Amino acid sequence: MSEHPLRLGTRRSKLAMAQSGQVADAVSQVTGRPVELVEITTYGDTSRESLAQIGGTGVFVTALRDALLRGEVDFAVHSLKDLPTAQPDDLALAAVPVREDPRDVLVARDGLAFAQLPDGARIGTGSPRRMAQLNAYARNHGMTIETVAIRGNVDTRIGYVRSGELDAVVLAAAGLNRIGRIDEVTDFLPVDTVLPAPGQGALAIECAADNADLIAALGELDDPFTRVAVTAERSLLAALEAGCSAPVGAFADLLADGQIVKEMRLRGVVGTTDGSTLVQLSTTGPVPETHDQAMELGRELAAEMLAKGAAGLMGERAL
Ligand SMILES: NCc1[nH]cc(CCC(=O)O)c1CC(=O)O
């Protein structure tokens with residue numbers, strides 16, 4: 001391949017720079033070419049409006065995609081959970097690298113775990129999905145908590161705890177891992193308590209659909225299992241006709257019998273943000289071998305959830 005560096009378009013937030021830097025290293029290993037980071041500012045980075053007001057996390061993605069399509073950069077790295085479920089024809093999802101910790105975590109004052117929070121504890125999160133599941137858990141365990149809508153980068157969010165304004169905030173483990181702050185976690189929330197966002201913990205490496213050489217080179221970083229798992233999770237989200245700011249959680253994992261992987265399980269949840277109603281279901285089937293099979297698993301679970309009233313619980317996107 002030629003000598004000129006590959007240009008990786010990235011947002012300039014700490015999280016984006018960290019994950020782009022890690023992927024840049026991996027890409028230059030597999031391609032033998034240097035990779036340079038090209039910083040791109042997105043509307044979501046400068047706006048103080050809430051995510052729902054500016055149209056969801058898709059705003060973070062659009063500016064990077066525009067730069068790709070204009071040929072200003074060769075590829076981009078996204079947090080998969082921020083990617084809209086519809087893949088544009090002119091862009092290729094060249095690789096989904098192996099997923100890291102998909103869980104949500106608590107960063108609380110005084111090292112407190114979730115179960116140790118006092119009555120009336122104020123917990124910050126901007127995510128209706130997290131609110132719905134935390135409030136449902138509290139209701140079912142005789143706790144009273146107050147979920148408080150916040151947004152901002154990781155520093156800002158953890159800052160609310162350090163300043164004493166909130167008792168705790170909820171964040172994704174993967175993000176804290178990538179920026180080297182995982183030691184500030186005071187509780188890892190099991191996926192049985194809080195199902196993560198579809199695709200949480202996974203990255204997406206995207207480039208122009210007509211760049212076959214680059215697609216092939218980046219494909220070295222693809223993890224086929226992560227890809228089918230997140231495909232099923234995102235298919236569920238799409239079939240519920242929900243966006244990335246909807247109160248929808250989904251997680252696909254493997255069920256093994258000893259060392260032998262038997263099946264894939266897909267779990268999904270939708271709920272009201274106050275936690276008074278949750279529709280939570282799971283389905284299990286053969287590990288999908290194709291994109292279409294993974295899509296089908298997501299659609300099947302969505303149909304069952306819709307039959308149980310899921311559609312009526314998704315009107316809360318404004319939170
Ligand atoms: N909502 C923004 C966002 N997008 C991706 C991550 C974390 C990394 C990931 O889930 O892959 C975060 C931060 C968070 O939710 O705490």
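**Exercise 1.** Which residues in H9 meet which residues in H10? Work on the predicted model, and classify the contact.

*Solution.* 
Step 1. Locate the two elements: helix H9 covers residues 224-239, and helix H10 covers residues 291-307.
Step 2. List the H9 side: Val228, Thr231, Ala232, Glu233, Arg234, Ser235, Leu236 and Ala239.
Step 3. List the H10 side, which these residues meet: His291, Ala294, Met295, Leu297, Gly298, Arg299, Leu301 and Ala302.
Step 4. Sort the residues of the contact of H9 with H10 by class: 9 are nonpolar, 4 polar and 3 charged.

**Exercise 2.** Describe how the axes of H9 and H10 are arranged.

*Solution.* 
Step 1. The axes come within 7 Å and cross at roughly 40°.
Step 2. Angles under 35 degrees would count as roughly parallel, and 65 to 115 as roughly perpendicular.
Step 3. H9 and H10 are therefore oblique to each other.
Step 4. The hand of the H9 and H10 crossing is right-handed.

**Exercise 3.** State the domain division and describe the contact of domain 2 with domain 3.

*Solution.* 
Step 1. Domain 1 consists of 6-97 + 202-222, domain 2 of 104-188 and domain 3 of 230-313.
Step 2. Between the C-alpha centres of domain 2 and domain 3 there are 24 Å.
Step 3. In the contact, 9 residues of domain 2 touch 12 residues of domain 3.
Step 4. The side of domain 2 that touches domain 3 has 5 nonpolar, 2 polar and 2 charged residues.

Note on methods
Residues are numbered from 1 along each chain as its sequence is written. This is a predicted model: local features need pLDDT of at least 70, side-chain atom pairs count only at pLDDT 80 or more; totals for chains, interfaces and linings use all residues. Axes are lines fitted to C-alpha atoms, for helices over the stretch in contact, and angles run from 0 to 180 degrees between N-to-C directions. Helices (H or I, at least four residues) and strands (E, at least two) are DSSP runs, numbered from the N terminus. Angles under 35 degrees count as roughly parallel, over 145 as roughly antiparallel, 65 to 115 as roughly perpendicular and the rest as oblique. A crossing is left-handed if the near helix is turned anticlockwise from the far one by less than a right angle, and right-handed if clockwise. Two residues are in contact if their C-beta atoms, placed from the backbone, lie within 7 Å. Ala, Val, Leu, Ile, Met, Phe, Trp, Tyr, Cys and Pro count as nonpolar, Asp, Glu, Lys and Arg as charged, and the others, Gly among them, as polar. Domain bounds come from an automatic or database domain assignment.
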